[in-house]
Amino acid sequence: MAAPPPPAAPRRNLLPFAGVALVLLALFNGLDAMAALTDSKVLTGTDRYVFGDLHSLGWTVLALAIAQGLAGIRLLTGDLPSRWFPTAVLCANLFVQFVFLPSYPVWSLLIIAIDVVVLWAVLTAPDLR
């Protein structure tokens, strides 16, 4: 007679990690937004994008940073049924970071990688109801 299979390891809940990472991403995006709004020399002021100039990008990224902060706080407080909001915010940040690729590619790719890891943590977290 065959031995019973070993019990499955319990799935770890990575939502606290995702919440803290979202708050950190909000801080990073806030810094990016301030650099764009203050005409910092980090970003080239002559770049014009199809959707507007550097100031419009700065305001967009600032709004995204505020949304990321709220999504991170929602995850940290245990608001699990509404995982769609952090998912939407992370997907939006993925696309916005592609705009920053010409200015500083390594930083943008790092933020994109963090977005993907946090998105995975949010979408694969066990249902705790």
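At 44% relative accessibility, V20 counts as partly exposed, a class that lies between buried (under 20% relative accessible area) and exposed (over 50%), judged with a 1.4 Å probe and protein chains only. V20 belongs to helix α1; helices here are DSSP runs of H or I with at least four residues, strands are runs of E with at least two, and both are numbered from the N terminus. The C-alpha atom of V20 is separated by 8.1 Å from that of I73, although the two residues are 53 apart along the chain.

The structure is a predicted model, in which local features need pLDDT of at least 70 and side-chain atom pairs count only at pLDDT 80 or more, while totals for chains, interfaces and linings use all residues. Residues are numbered from 1 along each chain as its sequence is written, and side-chain values use heavy atoms, with hydrogens and water left out.

The overall plan comes next. The chain contains four helices and zero strands, and its pattern along the sequence reads α-α-α-α. Of its 129 residues, 43% are buried. Contact means heavy atoms within 4.5 Å. Among contacts between residues at least 6 apart in sequence, 72% join residues at least 24 apart. The chain exposes about 7,700 Å², and carbon and sulfur atoms supply 74% of this area; accessible areas come from the Shrake-Rupley method with a 1.4 Å probe, and for residues only the protein chains shown count as cover.

Helix α1 covers residues 15–37. Its 23 residues reach 32 Å from the first C-alpha to the last, close to the 33 Å expected at 1.5 Å a residue. The expected span of a helix is 1.5 Å times one less than its number of residues. Just after α1, D39 takes a positive phi of about 55 degrees.

V20 also takes part in a nonpolar surface patch of about 360 Å², together with L24, L27 and L76. Patches are made of residues with over 30% relative accessible area and no salt bridge; like charges are joined within 9 Å, and nonpolar side chains (Val, Leu, Ile, Met, Phe, Trp, Tyr) within 5 Å. A salt bridge, in turn, is a side-chain nitrogen of Lys or Arg within 4 Å of a carboxyl oxygen of Asp or Glu. The largest share of the patch, three residues, comes from α1. L76 is located in helix α2, which comprises residues 54–76, and is partly exposed, with a relative accessible area of 44%.

The C-alpha atoms of H55 and T38, 17 residues apart along the chain, are separated by 8.2 Å. S56, also in α2, is partly exposed at 26%, and its C-alpha lies 9.6 Å from that of A33, a residue 23 places away in sequence. T60 is a further residue of α2, partly exposed at 44%.

Leaving aside neighbours within four places in sequence, V118 is in contact with F17, A18, A21, L22 and L90.

The 16 residues of α3 should span 22 Å at 1.5 Å a residue, and the end C-alpha atoms are 24 Å apart, which agrees. Buried residues of α3 include F85, L90 and V96, and their cover includes α1, α2 and α4. Helix α4 has 19 residues and reaches 27 Å, close to the 27 Å expected. Its buried residues include S108, D115, V118 and V122, with α1, α2 and α3 among the elements that cover them.
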